[in-house]
Amino acid sequence: MSHARTGSLRGMGKLVITEFITLDGTIEDPGGAEGLPYGGFAFKFDQGEDGARFKLDELMAADAQLLGRVTYEGFAKAWPAMNDNPFGEKFNAMPKHVVTSTLDDLEWNNSHVVRGDLAAEINLMVFPFLAGRGKKLFPQGGPPLSFELAETAQAGETVTMILRRRKD
């Protein structure tokens, strides 16, 4: 069991946030594990070899993962048993920083609780799907934020976009 330590990501280098997101901004239940009516949108579209390569390259270039509580809980049930390939080996061994206000002790290897303000760079994999409802990456009523488009690429039926927060 890895005992969680609470902290922030300051001083840990560049923060990159990756999200699977629909055209209307929904980020909730991309894999369908939560059983929501619009869930599973990430599996409705072919990401092609470019999409698989993008995710593998992204993981291999990362020093740590940033996860929300719900994603952490789902991943912590599945990934510890998946050490039979380079993706699984790296994913299980690397530090995992979990943004949560409800969890204190995290059992998945090398997992740590993070609380506080985040967000410098956002990496979106956009699926051509309108969920019509669900949790949004940027909820209504939040503060205005400016980003600049750093990169785009097509990955099968999806689009990847890298946005950097502007220093307005």
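**View 1. N85 at the N-terminal end of helix α3 in the predicted model.** N85 caps this end of the helix, with a side-chain oxygen 3.0 Å from the backbone nitrogen of F87. Helix α3 spans residues 86-93, and G88, F91 and N92 are buried in it. These three cover an arc of only 95° around the axis, so they lie on the same side of α3. Among the elements that cover the buried residues of α3 are α1 (48-61), β2, α2 (69-78) and β3.

**View 2. Strands β2 and β3.** The two strands pair in the parallel sense over four bridges. Strand β2 (residues 65-68) has Q65 and L67 on its covered face, while L66 and G68 are on the uncovered one.

**View 3. The aromatic pair F45 and F127.** The model has eleven aromatic pairs. In this one the ring centres are 6.4 Å apart and the planes are at 50°, so the pair is tilted. F45 belongs to the loop between β1 (16-22) and α1, and F127 to strand β5 (residues 121-127); the pair therefore ties together parts 82 residues apart in sequence. F45 counts as buried at 19% relative accessibility, and F127 is buried at 0%.

**View 4. W79, F91 and the aromatic cluster.** The rings of W79 and F91 have centres 4.9 Å apart and planes at 55°, so this pair is also tilted. W79 lies in the loop between α2 and α3, and F91 in helix α3. Both residues are buried. Together with Y72, F75, F87 and W108, W79 and F91 form one aromatic cluster. The charged end of K96 sits over the ring of W108, 4.7 Å from its centre.

Methods
Residues are numbered from 1 along each chain as its sequence is written. This is a predicted model: local features need pLDDT of at least 70, side-chain atom pairs count only at pLDDT 80 or more; totals for chains, interfaces and linings use all residues. Side-chain values use heavy atoms; hydrogens and water are left out. Buried means under 20% relative accessible area, exposed over 50%, partly exposed in between (1.4 Å probe, protein chains only). Two strands pair if DSSP finds at least two bridges between them. The arc is that of the directions from the helix axis to the C-beta atoms. Contact means heavy atoms within 4.5 Å. A polar contact is a pair of N or O atoms within 3.5 Å; within protein, one must be able to donate a hydrogen and the other to accept it, and residues adjacent in sequence count only if both atoms are side-chain atoms. Rings of Phe, Tyr and Trp (its six-membered ring) pair if their centres lie within 6.5 Å; planes under 30 degrees apart count as stacked, over 60 as edge-to-face and the rest as tilted. A charge sits over a ring if NZ of Lys or CZ of Arg is within 6 Å of the ring centre and within 35 degrees of the ring normal.
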